[in-house]
Amino acid sequence: MTQVPAGRGKRRLVLWRHGQTTWNLEQRFQGKTDIELDETGVAQAERAARLLSGLNPTAIISSPLRRAATTAGSLARLTGLAVAYDADLMERDGGEWEGLTATEIRERYPAEHAVWEPPGGETSEQVAKRVAAALGRALDGVPSEGVLVVASHGAALRLGMAEVLGFPEEIWGRLGGLSNCNWSVLAEGRSGWRLIEHNAGTLPKPVLSDDRTENGA
C-alpha cells in the first residue's frame with residue numbers, strides 16, 4: 001500500500017478528469033496515446049474550471065498528456081496558478097488495446113478482457129501505485145489547509161484514489177468511474193484521507209472511459 005501522509009491539517013485533494021475527446025465518444029481505449037480535447041471537451045473544461053476556482057485552489061498539477069494539460073490550463077488561467085506536470089499521472093498504459101474500440105477489445109482479446117489486463121500494458125496495481133506516489137509527492141508542497149487540484153485520467157484517478165484511501169484491490173471495482181470533466185474530493189483527517197465527493201460536477205451521465213465499468217469496455 002502506497003503511503004500518502006495525512007494528519008498535518010485540513011488539506012483537500014481534488015481529482016479532476018479531463019474533458020471529452022473524440023476517442024471517448026468512439027469508445028476507443030486511449031491510454032497513453034496523446035489525444036486532444038474535442039470542442040465539447042474544451043467547453044466542459046472551461047465550465048468546470050469556473051466551478052473549481054470557487055474552491056480557491058493553492059496548486060494545480062497535471063498529467064502531461066494534452067487532454068489533461070488543456071483541462072488544467074483552463075483552471076490556471078482563472079486562478080493565475082502555474083501548472084506542474086508529472087508523468088506518473090498519465091493514463092494507464094493500454095499496450096495492444098490502445099486505439100481499439102470496446103467491441104474490438106472484447107472480440108480480439110476475450111481472456112485478457114475478462115481480467116482487464118491489456119497485453120503489453122500496465123496492471124491495475126501498477127497504475128494505482130504510481131498515481132498514488134505522484135499524489136503524495138505533490139501534496140508535500142501543499143500547506144495545511146491548501147487545495148490541490150489534479151488533472152488526470154479516468155482509470156488513473158480511480159485506481160490512484162483507491163490506493164490513497166487504503167482500499168484492498170478486491171473491492172476497487174466498487175468505486176465507480178469518473179465522467180468527463182467531473183471530479184472527486186478527498187479530505188485529510190487525523191486517521192487518513194477520506195472520500196467526501198465522487199464524480200461530481202453535473203447530473204449523472206454515462207462514463208466514457210478507458211476504465212473498467214459495468215457499462216464500459
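User: In which helix is Asn 24 found?

Analyst: This is a predicted model, in which local features need pLDDT of at least 70 and side-chain atom pairs count only at pLDDT 80 or more, while totals for chains, interfaces and linings use all residues. Residues are numbered from 1 along each chain as its sequence is written, and side-chain values use heavy atoms, with hydrogens and water left out. Helices (H or I, at least four residues) and strands (E, at least two) are DSSP runs, numbered from the N terminus. Asn 24 is found in helix H1.

User: Is Asn 24 buried or exposed?

Analyst: Relative accessible area, computed with a 1.4 Å probe on protein chains only, is called buried under 20%, exposed over 50% and partly exposed in between. In contact with Asn 24 (heavy atoms within 4.5 Å), not counting residues up to four places away in sequence, are Arg 17, His 18, Gly 19, Gln 30, Asn 180 and Leu 208. With a relative accessibility of 2%, Asn 24 counts as buried.

User: How many salt bridges does a search of the whole structure find?

Analyst: A salt bridge is a side-chain nitrogen of Lys or Arg within 4 Å of a carboxyl oxygen of Asp or Glu. Arg 28 is partly exposed at 25%, and Glu 26 is partly exposed at 40%. For the whole structure, the number of salt bridges found is nine.

User: Which residues do salt bridges that share partners join into one network?

Analyst: Arg 66 meets Asp 34 in a salt bridge (3.4 Å, N to O); Arg 66 lies in helix H3 (residues 66-79) and Asp 34 in the loop between helix H1 (22-25) and helix H2 (39-52), so this pair ties together parts 32 residues apart in sequence. Arg 66 also meets Glu 36 in a salt bridge (3.2 Å, N to O); Glu 36 is in the loop between H1 and H2, so here the parts tied together are 30 residues apart in sequence. Through shared partners, the network consists of Asp 34, Glu 36 and Arg 66.

User: How accessible are Arg 66 and Asp 34?

Analyst: Both side chains of this salt bridge fall in the partly exposed class. The relative accessibility is 38% for Arg 66 and 31% for Asp 34.

User: Which strands stand at the edges of the sheet?

Analyst: Two strands pair if DSSP finds at least two bridges between them. Six strands form an open sheet with mixed pairing, in the order E3-E2-E4-E1-E5-E6. Two of the strands have a single partner strand each, so one side of each is left without a neighbour in the sheet: E3 (83-85) and E6 (192-200).

User: What does the twist average from one strand to the next?

Analyst: Axes are lines fitted to C-alpha atoms, for helices over the stretch in contact, and angles run from 0 to 180 degrees between N-to-C directions. H2 lies across strand E1 (12-17) and strand E5 (183-189), and runs at about 170° to E1. From one strand to the next, the twist averages 20°.

User: How many residues of E4 are buried?

Analyst: In a regular strand the side chains alternate between the two faces of the sheet. In E4, Val 147, Val 149 and Ala 151 point one way and Leu 148, Val 150 and Ser 152 the other way. The count of buried residues in E4 is six of six.
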